[in-house]
Amino acid sequence: MKPTISSSRGIMKWGIALTVLGLVAMVGIYLLALAYTPLEVRQGAAQKIFYVHVPAAWSAMVAFTLVGLVSILYLWLRDERLDAFAASSAEVGLVFSVIMLTTGPIWGKPIWGTWWTWDARLTLTLILFLLFVGYMTLRSAVHDPAERARFAAVVGIMGMVLVPFIHLSVYLFRTLHPMPIVLKPSSPSLPPEMLRTLLLGFLAATVLYVGFVVLRYGLARHAMAQLDEEA
């Protein structure tokens, strides 16, 4: 189905509404973290950045995983809407990656005594970030839409393959990065106040991810509709 300007505007309105909701929710979550959650005994106030860092990491990994899955579908169906969604999710994933890679060192400096270390998880996460920077650069460099979508899909699939290795890196290598405290074989090792706030943070970050992607996808559809009208 060919995109129309009216339908793309409807998509953008939903995107704006969800984005505003997600941003308000993220602000609320951090205020909740400051006022409601107890201070961590060993890390003190520095631990509070956890409620931004972990949800941002979650949304980044979701974004890049969906890029890969949708890219597989694109190579099969050759539907330009799938390519537009993959590009939108990649852009949003990069935004959350910047938050993740910024808040991590802010936490790491007082806890580890250094802004950065070539830890397995940190290194793999940086590689994933640079891979998707390359993904966006590729999309800017290739002008033929079919070739651009096909080449980008391959890179997107490569990025998706890297995601589970990032999660498993703390089990496969000796690492400074903390072990997962929610997704673990036994029960989560967090006080109830911390766990509730973190889970709400996951929800808020997911809503924000959806809002960003819907808005960016609507903008892509609007551009496609304008090109169709000019043609």
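This is a selection-by-selection tour of a predicted model.

**Stop 1: the salt bridges**

Start with charged side chains. A search of the whole structure returns three salt bridges. Take them one at a time.

Select D79 and R81. Their side chains form a salt bridge, N to O at 2.8 Å. Now colour by accessibility. R81 has 30% relative accessibility and is partly exposed. D79 is partly exposed too, at 21%.

Next, select D83 and R139. Here the closest N and O atoms of the salt bridge are 2.8 Å apart. D83 sits in helix α3 and R139 in helix α4, so this pair ties together parts 56 residues apart in sequence. Are these two residues buried or exposed? D83 is at 12% relative accessibility, and because buried means under 20%, D83 counts as buried. R139 is buried as well, with a relative accessible area of 13%.

Now select E91 and R216. Their side chains meet in a salt bridge, with N to O at 2.9 Å. E91 belongs to helix α3 and R216 to helix α6, so the link joins parts that are 125 residues apart in sequence. E91 has a relative accessible area of 27%, which makes it partly exposed. R216, at 28%, is also partly exposed.

**Stop 2: the second largest pocket**

Which elements give two or more residues to the lining? Select α3 (80-112), α4 (120-141), α5 (145-172) and α6 (192-230). Then colour the lining by residue class. Eleven residues are nonpolar, two are polar and eight are charged.

**Stop 3: α4 against α5**

Hide everything but α4 and α5. Two packed helices are described by the angle between their axes and the distance between the axes. For α4 and α5, the axes come within 9 Å and cross at roughly 170°. Angles over 145 degrees count as roughly antiparallel, so α4 runs roughly antiparallel to α5. Show the residues in the contact. By class, 17 are nonpolar, five are polar and three are charged.

**Stop 4: L73 and D83**

Bring back helix α2, residues 50-77, and pick L73 within it. L73 is partly exposed, at 35% relative accessibility. Draw a distance from L73 to D83. The two are ten residues apart in sequence, and their C-alpha atoms are 9.1 Å apart in space.

**Stop 5**

Finish in helix α6, where A204 is found. How accessible is A204? A204 has 4% relative accessibility and counts as buried. A204 and L23 are 181 residues apart along the chain, yet a distance of 7.8 Å separates their C-alpha atoms.

With α6 still on screen, look back at R216, the residue of this helix that pairs with E91 of α3.

Terms used
Residues numbered from 1 in each chain as written. Predicted model: local features only at pLDDT ≥ 70, side-chain atom pairs only at ≥ 80, totals over all residues. Heavy atoms only, no water. Helix = DSSP H or I, 4+ residues; strand = E, 2+ residues; numbered from the N terminus. Nonpolar A, V, L, I, M, F, W, Y, C, P; charged D, E, K, R; others polar. Axes fitted to C-alpha atoms, helices over the stretch in contact; angles between N-to-C directions. Parallel < 35°, antiparallel > 145°, perpendicular 65-115°, else oblique. Salt bridge = Lys/Arg side-chain N within 4 Å of Asp/Glu carboxyl O. Buried < 20%, exposed > 50% of the residue type's maximum accessible area, 1.4 Å probe, protein only.
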